[in-house]
Amino acid sequence: MLRRRALQKSDKCQCQVAAPQCRIQKCTSDFVSLTSHLTPAVDGFHVEFCKALRSYSACTQRTAKSCRGNLVFHSAVLGISDLMSQRNCSRDGPTSSTHPEVPHEPCNYHSRTQHAHAHAHAHVHAHSHSHSHGHGHGHSLPVYLFCGLFGDPHLRTFKDSFQTCKVEGAWPLIDNDYLSVQVTNVPVVTGSSATATNKITVIFKPYEGCTDQRVYQAVTDSLPAAFDDGTVSSGDPIHLSAGAEGATGKVRALWISERSPGRHVELHAGYIGVTVIVRQLGRYLTLAVRIPEELAQAYDATQDLQLCLNGCPGGERIDRAGDLPLRPGFSPGATRAFSVERAKDRCREQLDVEDIYFHSCVFDLLTTGDANFTAAAYSAQKDMESLHPHRDRWRIYPRGAATSALRPDSPPVGRLAVLLLCAVSVALM
């Protein structure tokens, strides 16, 4: 009898004491939510990112006991430590609210989508059983795409395809219901098929209740800090949280920021979540664009010729599936100002990783003899790192080159991206 009671008591205790659950996925999901709208190039990014990291770290500490032996947990802890070191974040300090108050403003794309996401999540939660997680309802945070153009010219598409094209004359990079971007390319050297961009036209189409149509146009030696009509902003003031779309406090739905007079201008369309960076380096222009995927896909059959979307037509490409010809004197128009080795040495002065930006720099020096193209490749890479939403896709290597993101000479952030990739991907499933 005593033995039976002891067993019954033991079974009862086992039922009452449930094993604690490892909640690293929730920690990572919260961190992604807190940082998904932040852009490294803008004011306020450092403060907000450090606050989010401290919140992430605190969350991992709370669940550490139940996550022993969990590879995702240990990868996240190591990744947090590396990020704090890279960003010079102190361990002590303010943290982000797990559920920050986001004002609902129709002319703030981030606020608009966050509000819709929160509303949908609440709706699903209220009508789901306790074991349902709301998967399959189609409600998620916005996905962003990146496109860049620089040099002779080199194109990075929304799909991270890297191409070098002729495309002489006027060509559309982006053309959808919200935004049009057109570039004009001219020959760089007589006798060479390589061209470079000397004119960029950006059209922000009217958006009811937020802005009328605005046109921005830059040409060589004329990089204005205003739209064609002389205005520098459009729409009623909206509130932006620190780091969101390039400003803090109250700004207009659409505005221009001049970073360096005549050399670097940024266009911010907060109402559609778009950032455009335009630079002049030497005699030519570079362009970088960040846009929500859902907006980039809003076009019809008459707008299918978009270089950012589909790449250059086959007959316009100079490279062969991403490979650039780097043999000495390959171009009849080359000035012979640089040998292959001298061009590589010059490019290494600013580009320490021999990825596709480095190889594009070498290609441009051999083609034109113009050292300004080194700065163009470097700036294009930095603009990409500022706007591209996926760190694990930053590095692209030509065929035959080392392609591992874990190469010894790759920057710490590349290794960290791979380390955290597992944790983030699991959290977002």
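For these notes, I call two cysteines a disulfide when their sulfur atoms lie within 2.5 Å. I am working from a predicted model.

**Entry 1: disulfide count**
I searched the whole structure and got 7 disulfides.

**Entry 2: Cys 50 and Cys 89**
The sulfur atoms of Cys 50 and Cys 89 are 2.0 Å apart, and I log the pair as a disulfide. The torsion about its S-S bond comes out at about -70°, so I note Cys 50 and Cys 89 as a left-handed link. Which parts of the chain does this pair tie together? Cys 50 sits in helix α3, while Cys 89 is in the loop between α4 (71–86) and α5 (109–126), so the bond connects parts that are 39 residues apart in sequence. I checked burial too: Cys 50 and Cys 89 are both buried.

**Entry 3: Cys 27 and Cys 59**
Next I looked up Cys 27, which is joined by a disulfide to Cys 59, S to S 2.0 Å. I read -75° about the S-S bond, a left-handed link. This one runs from helix α2 (residues 24–35), where I find Cys 27, to helix α3 (residues 45–62), which holds Cys 59; the two are 32 residues apart. Are Cys 27 and Cys 59 buried or exposed? Both are buried.

**Entry 4: Cys 165 and Cys 312**
Then I went to the disulfide between Cys 165 and Cys 312, with S to S at 2.1 Å. Its S-S torsion is 95°, and I put it down as right-handed. Both ends are in loops: Cys 165 between β3 (162–164) and β4, Cys 312 between α7 (307–310) and α8 (340–348). I make that 147 residues apart, a link between distant parts of the chain. My cut-off for buried is under 20% relative accessible area. Cys 165 has 1% relative accessibility, so I count it as buried. Cys 312 is at 8%, so I count it as buried.

**Entry 5: the sheet**
Last, I traced an open sheet of 4 strands, in the order β4-β5-β6-β7, with antiparallel pairing. Which strands are at the edges? They are β4 (169–175) and β7 (214–219), each pairing on one side only. I get an average twist of 20° from one strand to the next. I zoomed in on β6 (residues 195–204), which pairs with β7 in the antiparallel sense over 6 bridges. For Val 202, I found the bridge partner in β7 to be Tyr 216.

How values were computed. Residues numbered from 1 in each chain as written. Predicted model: local features only at pLDDT ≥ 70, side-chain atom pairs only at ≥ 80, totals over all residues. Heavy atoms only, no water. Pairing = 2+ DSSP bridges. Axes fitted to C-alpha atoms, helices over the stretch in contact; angles between N-to-C directions. Buried < 20%, exposed > 50% of the residue type's maximum accessible area, 1.4 Å probe, protein only.
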